[in-house]
Amino acid sequence: GPGLSGAFLCGLRARDGWARRCRPFAEGFCVELQGRSHLSAGLVLRWFQGHLQRCLGAVRYRLRERCRISLSASPGHPPTLHILPCSDYVCCHISMAVRLIPAIPLGDALYLTALPPPGPAAPEALWGLNASRQEQRLLGWLKEQAPASSCHLKCLQILKGLRDLRGQGLEEPLCSQWGRVLSSYVLKTALFALLLRGPLEAWEERFLLERLEDLVLYLRDCLRKRVLLDFFLGNTSIPEAVALPRFLKEAAPVNLLAAFDAPTLDLVAFQLISTWIQAPHIIRTYSSPRYWRPVPTP
């Protein structure tokens, strides 16, 4: 069933004799909630990270002449694999960071993903719902319907860039809250909601500045109202061309901002408008090399 911020509780149905035959599995990966056994995302993630560390040595040895590989893991974030090619060509010195997230397939290109819990009080049995394939279907439909010079993806890229640059100038605890409230999923959700309001002709590239401002103001209003509904859960306005499983269409709407208190949302809304007004200054200031965050060492 639905959980916090688009997460789901994954429950295991135990058949007769299951607990006896599968006791090692149950003890290693399950937690008891309200008298029922649930698969724990936290326990699965810790098991997964341990295996990654053990496998990394063999992978690094086989690829040592082609690239350097390292693994970083920090509290509250999934493990990330960093790959840096070994080449004499400057153009090939491009590093790649790949987040490694264990997932359970639900069918219909949907997955439950084991992500770190959003807070210390969050149950370990909460799993995230990944609908990236549905997002791709929606983007494909928008590409067909929108003008060839549509700027909607540029708007998303610019807003993500402004969010990241502004975050480098914020102090804790606001810095962490800023990135959580304005997550990439929240920004995409706001963009999709605006796009379906139409008309799509208004997203031609010559209107880039106006549409970007609309997106910032829409996000600010959502933050002030404390409501931004998940785009795929219980949304009846999604085009029929974007095939969704029935349980997604009939799900209760989920508020992506429900996990944050009012003062935090008000502060993020204020900083968002301030970032938009000061965008040229922020880009000049925090794009300089002295503000770049160091890449994790192997």
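R206 is exposed in this predicted model, because its relative accessible area of 62% lies over the 50% cut-off. Its side chain meets that of E204 in a salt bridge, 2.9 Å from N to O. E204 is partly exposed, at 22% relative accessibility.

Side chains of opposite charge can pair when their charged atoms come close. The count here comes to eight salt bridges. Another one joins R163 and D164, with the closest N and O atoms 3.0 Å apart. R163 is buried, because its relative accessible area is 12% and buried means under 20%. D164 is partly exposed, at 41%. R220 also forms a salt bridge, with D221 as its partner. Their closest N and O atoms are 3.1 Å apart. D221 is partly exposed, with a relative accessible area of 28%.

Other charged residues form a surface patch. R15, R20, R21 and R23 make up a positive one. Take R21 from this group. R21 sits in helix α1, which covers residues 18-21. R21 is exposed, because its relative accessible area is 56% and the cut-off is over 50%.

Now turn to the backbone. Most residues other than glycine have a negative phi, and most peptide bonds are trans. Some places in this model depart from that pattern. A109 is not a glycine, yet its phi is positive, about 60°. A109 lies in the loop between β7 (103-107) and β8 (110-113). R226 also has a positive phi without being glycine, near 65°. The loop between α8 and α9 holds R226. R226 is partly exposed, with a relative accessible area of 28%.

The side chain of N255 reaches the backbone oxygen of R226 at 2.8 Å. A polar atom of the N255 side chain also lies 2.9 Å from the backbone nitrogen of L228. N255 itself belongs to the loop between α9 (246-249) and α10 (262-277).

P173 is in the loop between α5 (152-167) and α6 (174-181). P199 is placed in the loop between α7 (184-197) and α8 (208-225).

Key: Residues numbered from 1 in each chain as written. Predicted model: local features only at pLDDT ≥ 70, side-chain atom pairs only at ≥ 80, totals over all residues. Heavy atoms only, no water. Patch = residues over 30% accessible without salt bridge, like charges linked within 9 Å, V, L, I, M, F, W, Y side chains within 5 Å. Areas by Shrake-Rupley, 256 points an atom, 1.4 Å probe, with all protein chains shown as cover. Salt bridge = Lys/Arg side-chain N within 4 Å of Asp/Glu carboxyl O. Lys, Arg positive; Asp, Glu negative; His and termini not counted. Charge placed at Lys NZ, Arg CZ, Asp CG, Glu CD. Helix = DSSP H or I, 4+ residues; strand = E, 2+ residues; numbered from the N terminus. Buried < 20%, exposed > 50% of the residue type's maximum accessible area, 1.4 Å probe, protein only. Polar contact = N/O pair within 3.5 Å; in protein donor to acceptor, adjacent residues only side chain to side chain.
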